[in-house]
Amino acid sequence: MSHEAHEPETPHLDFAGTTPYEDYVKADVLTHLQHTLSDDPGEMVFLVTTQVMELWFTVVVHEWETAAKALREDRVPVALAALKRSVRELEALNASWKPLGQLTPAQFNSYRAALGDGSGFQSAMYRRMEFLLGEKSASMLVPHRGAPRVYAELEKALHEPSLYDEVVRLLARRGHPIPDSVLLRDLAQRHEPSAEVEAAWTAVYSGDQNDELARLGEALTDVGELVWRWRNDHLVATRRAMGAKPGTGGSAGVAWLEKRARKNVFPELWTARSHV
């Protein structure tokens, strides 16, 4: 019996056109979307990191829309799977702050002018994430009036049930007494904490911890925690890079981010824990 080592076979290298990898991933498109506007070498990492964040926003929106649809159809396991995937994706998204988290004011100022009036709060895909969390605001459509497709997508998301709306409706279908003032509320408005929703979560968490609703609550709590960490990491990175100066795009900068960081998504999931 021969014990000769065999060289691995040479992979297929000759293609008539572009490679199947390129056809699927569109890597050539992705890697040629970087057009820096300053001579500072640090601008490239800022631009690429921001673009990577946009891609993660897109994936997370897909997962949360998948989860919302599954909850609407009472397919909780499908929703749980999507939420758990989104937790890993949020961890990767949050890690995107690492390349930017150590910026000094001088380093950021070297290419800050390239942003002009550009600001992260103008991100349409991030806004869709916020809408899915229940953080609705019609005024946030205004910056996108000049982009009809983007505006239409955001307007649709504004008036659709959020992920959390679908969760609360599920609680009602499972027998928890959720009032019509919550179930029939104006979906274009921000979700406001409800004593009845808090009581429903208190009941869920006081019962069988392996129950489907309890596991859903924990998956949502994982999401909520990572959203809170995202907001705080954004705050810290901004504070390091520019202190208390006004933000690009006319926002209040750190003051705006501090206000956002104090808010929890899925608020009743957090307050209910005090009553268990």
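Is Asn94 buried or exposed? Asn94 counts as buried, because its relative accessibility is 9%; buried means under 20% relative accessible area, exposed over 50%, and partly exposed in between, with a 1.4 Å probe and protein chains only. This is a predicted model, in which local features need pLDDT of at least 70, side-chain atom pairs count only at pLDDT 80 or more, and totals for chains, interfaces and linings use all residues. Residues are numbered from 1 along each chain as its sequence is written, and side-chain values use heavy atoms, with hydrogens and water left out.

- Asn94 sits in helix H4. Helices are DSSP runs of H or I with at least four residues, numbered from the N terminus.
- Contact means heavy atoms within 4.5 Å. Leaving aside neighbours within four places in sequence, Asn94 is in contact with Leu226, Arg229, Trp230 and Asp233.
- Asn94 and Tyr111 are 17 residues apart along the chain, and 23 Å separates their C-alpha atoms.
- Asn94 also lines the second largest cavity, together with Leu90, Leu93, Tyr126, Met129, Glu130, Leu226, Val227 and Trp230.
- H4, H6 and H11 are the elements that give two or more residues to that lining.
- A cavity is a set of points, on a 1 Å grid over the protein atoms alone, where a 1.4 Å probe fits but cannot get out; lining residues have an atom within 4 Å of a point.
- The second largest cavity has a volume of about 40 Å³. A volume is the space filled by probe spheres set on the grid points, which are joined across faces, edges and corners.
- Its lining divides into seven nonpolar residues, one polar and one charged. Here Ala, Val, Leu, Ile, Met, Phe, Trp, Tyr, Cys and Pro count as nonpolar, Asp, Glu, Lys and Arg as charged, and the others, Gly among them, as polar.

**The largest cavity**

- The structure holds two cavities of 30 Å³ or more. The largest has about 60 Å³ of space.
- Asp165, Val168, Arg169, Val182, Leu183, Arg185, Leu187 and His191 line the largest cavity.
- Helices H8 and H9 (180-183) are the elements that give two or more residues to this lining. H8 gives the most, with three residues.
- By class, the lining of the largest cavity has four nonpolar residues, one polar and three charged.

**Nonpolar cores**

- In soluble globular proteins, nonpolar side chains tend to be buried together.
- A nonpolar core is a set of buried Ala, Val, Leu, Ile, Met, Phe, Trp, Tyr and Cys residues joined through side-chain atoms within 4.5 Å.
- The largest nonpolar core here has 57 residues, and Trp64 and Trp201 have the most contacts inside it.
- Helices that each supply at least two residues of this core include H3 (43-72), H4 (76-95), H8 (163-173) and H11 (212-242). H11 gives the most, with 12 residues.
- Not counting residues up to four places away in sequence, Trp201 touches Tyr164, Val167, Leu171, Leu213, Gly217, Leu220, Glu268, Leu269 and Ala272.
- A second, separate core has eight residues, among them Ala124, Leu141, Leu158 and Ala188.

- A pocket is an open set of grid points with protein on both sides within 12 Å along at least five of seven lines.
- The largest pocket has a volume of about 1100 Å³.
- The largest pocket is lined by 41 residues, and Ser119, Gly120, Phe121, Gln122 and His234 lie nearest its centre.
- H3, H6, H11 and H12 (254-261) each supply at least two residues of this lining. The largest share, seven residues, comes from H11.
- The lining of the largest pocket divides into 19 nonpolar, 13 polar and nine charged residues.
- His234 is found in helix H11. Its relative accessibility is 22%, so His234 counts as partly exposed.
- Leaving aside neighbours within four places in sequence, His234 is in contact with Trp97 and Leu257.
- UniProt lists His234 under "binding site", in an unreviewed entry. Such annotations may be inferred rather than shown by experiment.

**The second largest pocket**

- About 250 Å³ of space lies in the second largest pocket.
- Its lining has 15 residues, of which Glu65, Leu132, Lys156, Glu160 and Pro161 lie nearest the centre.
- H3 supplies the largest share of this lining, four residues.
- By class, the lining of the second largest pocket has five nonpolar, one polar and nine charged residues.
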